[in-house]
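Thank you all for coming; I would like to take a few minutes to walk through one model with you. Please have a look at it first, and then I will go through it piece by piece.

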Amino acid sequence: VVHASLDYGLTVPSNMLLFATVMGAVAGRAVRKLANGQGNWSFSLPELRPRITFLLLSILLIGNSILGWGEICRAAVAEQAIKDAKRIDLNETSDEAYNHVINTLQYAISRRPDDVHLSLHLADVYTRRYQTLTERMLKSQLTPEMKLSAPAIERLSGLATLYRQVWRLEQEGQQIQLDILRDDPIVKETLIPARSVLMAASSACEWLPQTELYLAYLSVLEDEPEERIARLQRVAYLTPYEPRYLHHVGKMSLIAGERDLCLFAWQRTFQQTPHSHLRHQILKSLSESKMGISLADDFFRDDISMIRLAIEDLSEMDGQDLLMGQCLIAIDHLMIESRGLENAELSYLDGFRRNWRGDYEGACRVLCEASSEAPEDRKVLALYVEALINAQRFQQASEELAKISTDFDAFPDVNRLENMLVDASSSRETVLRKNLVR
């Protein structure tokens with residue numbers, strides 16, 4: 001009876017505590033009676049007439065069943081509404097089907113007004129509808145001479161583009177264009193209702209970062225700039241260890257001109273994310289704007305882990321020589337100051353900058369030291385082999401590469417280094433043959 005009367009059963013800590021308290025009180029009374037010789041365990045409960053006990057238990061069970069049945073019905077409606085929302089393809093769906101999904105979700109929310117997930121699904125349908133209608137409008141305005149790829153059209157119709165456009169118009173003082181954008185029928189039909197739904201969801205539960213991030217994007221429709229920044233700060237506060245949210249915060253802060261918040265969010269993202277694609281996006285964003293370039297100096301300064309991650313990622317990217325140059329300058333500062341760095345880390349950074357700047361023999365020397373001090377560091381070993389190849393010490397490079405292949409399973413850089421060694425040694429032999437012919 002106690003189990004059936006409690007919400008969500010006994011797995012909830014508060015319910016466990018309540019149940020333990022009730023059972024402790026009953027057991028304590030029983031032990032006390034037994035110790036005094038007043039009876040057995042069956043008399044530990046309050047003495048009630050059997051008919052009264054049965055009647056009370058029956059009323060309790062029936063009432064609980066009625067309440068539970070109502071919740072089951074509401075949950076079934078919510079589940080079906082969510083299934084409909086996930087199943088719909090707005091690119092292929094008629095306006096009638098779209099309105100049906102909206103009405104279904106709205107009805108489910110009226111039955112369960114505190115269900116934040118329903119509100120998020122409804123807001124998602126509204127925003128997807130906005131993107132679909134915007135894509136149609138863009139395609140209708142394209143002339144035969146204008147060619148835009150599908151990803152480009154999708155990017156132009158997203159919330160990030162709207163967010164950037166509103167900030168740009170405000171910074172340029174184009175109030176008329178800004179009013180036209182906010183009064184656009186597509187925006188009023190989709191994003192304004194989405195924002196209202198999310199505001200209600202935020203009131204019901206103030207600690208969901210997904211709701212706050214959605215509202216941060218839609219805040220450009222009505223909020224003042226100070227309120228938008230406060231919304232971004234709130235998202236960062238709620239997600240100090242969530243790189244995917246912090247990446248959005250950094251990107252939006254860069255657009256808004258909030259240098260400190262952008263620096264905080266992207267540095268934490270860079271250090272915490274296990275996915276290199278997020279770091280690549282951050283590095284690309286830093287190189288694509290004047291503020292990003294100026295931010296890069298502070299972004300890499302005096303942080304060994306940041307610099308190391310950055311130079312390794314930049315080595316895999318094309319067209320990032322400017323950012324790489326800033327990383328090398330940061331390494332120069334670290335080398336001069338030598339702020340308590342371990343020798344292996346210092347040698348790795350020193351070897352990297354020497355190899356990048358063409359001092360291959362110097363790179364081989366310091367990386368040899370680093371590889372002996374950190375024999376398990378794969379990146380150090382790979383860079384050492386690369387420096388040996390660049391220094392045309394092919395025999396030693398081949399020996400080190402064979403050692404790596406033997407000592408490590410599935411070493412990711414082996415194939416690249418093998419190809420590099422073959423290409424470099426073949427090019428050298430070709431040059432030698434030409435010189436002999438001459």
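This is a predicted model: local features need pLDDT of at least 70, side-chain atom pairs count only at pLDDT 80 or more; totals for chains, interfaces and linings use all residues.

Residues are numbered from 1 along each chain as its sequence is written, and side-chain values use heavy atoms, with hydrogens and water left out.

The chain has 22 helices and zero strands, where helices (H or I, at least four residues) and strands (E, at least two) are DSSP runs numbered from the N terminus. Of the 438 residues in the chain, 40% are buried; buried means under 20% relative accessible area, exposed means over 50%, and partly exposed lies in between, with a 1.4 Å probe and protein chains only. If we take contact as heavy atoms within 4.5 Å, then among the contacts in the chain with a separation of 6 or more, 59% join residues 24 or more positions apart.

Let me turn to helix packing, where axes are lines fitted to C-alpha atoms, for helices over the stretch in contact, and angles run from 0 to 180 degrees between N-to-C directions. Helix α10, residues 209-218, packs with helix α12, residues 243-256, at an angle of about 20°, and their axes are 11 Å apart. That makes α10 roughly parallel to α12, given that angles under 35 degrees count as roughly parallel, over 145 as roughly antiparallel, 65 to 115 as roughly perpendicular and the rest as oblique. On the α10 side the contact involves Pro 209, Gln 210, Leu 213, Ala 216 and Tyr 217, which meet Tyr 245, His 248, Lys 251 and Met 252 of α12. By class, these residues are six nonpolar, two polar and one charged, with Ala, Val, Leu, Ile, Met, Phe, Trp, Tyr, Cys and Pro counted as nonpolar, Asp, Glu, Lys and Arg as charged, and the others, Gly among them, as polar.

Helix α10 also packs with helix α7, residues 159-171, at an angle of about 45° and with the axes 9 Å apart, and α7 and α10 are therefore oblique to each other. Here Leu 159, Ala 160 and Tyr 163 of α7 meet Tyr 214, Ala 216, Tyr 217 and Leu 218 of α10, and this contact has seven nonpolar residues, no polar and no charged ones.

Now to single residues. Trp 266, in helix α13 (residues 259-272), is buried, with a relative accessible area of 0%. Leaving aside neighbours within four places in sequence, Trp 266 has contacts that include Leu 246, Lys 251, Ile 282 and Phe 299.

Arg 279 lies in helix α14, residues 276-287, and at 10% relative accessibility Arg 279 counts as buried. With neighbours within four places set aside, Arg 279 is in contact with Phe 270, Thr 273, Pro 274, Leu 309 and Asp 313.

Finally, how many disulfides are there? A disulfide being a pair of cysteine sulfur atoms within 2.5 Å, the count comes to zero. For Cys 364, the nearest cysteine sulfur, that of Cys 368, is 8.7 Å away. Cys 364 counts as buried at 2% relative accessibility, whereas Cys 205 is partly exposed at 26%.
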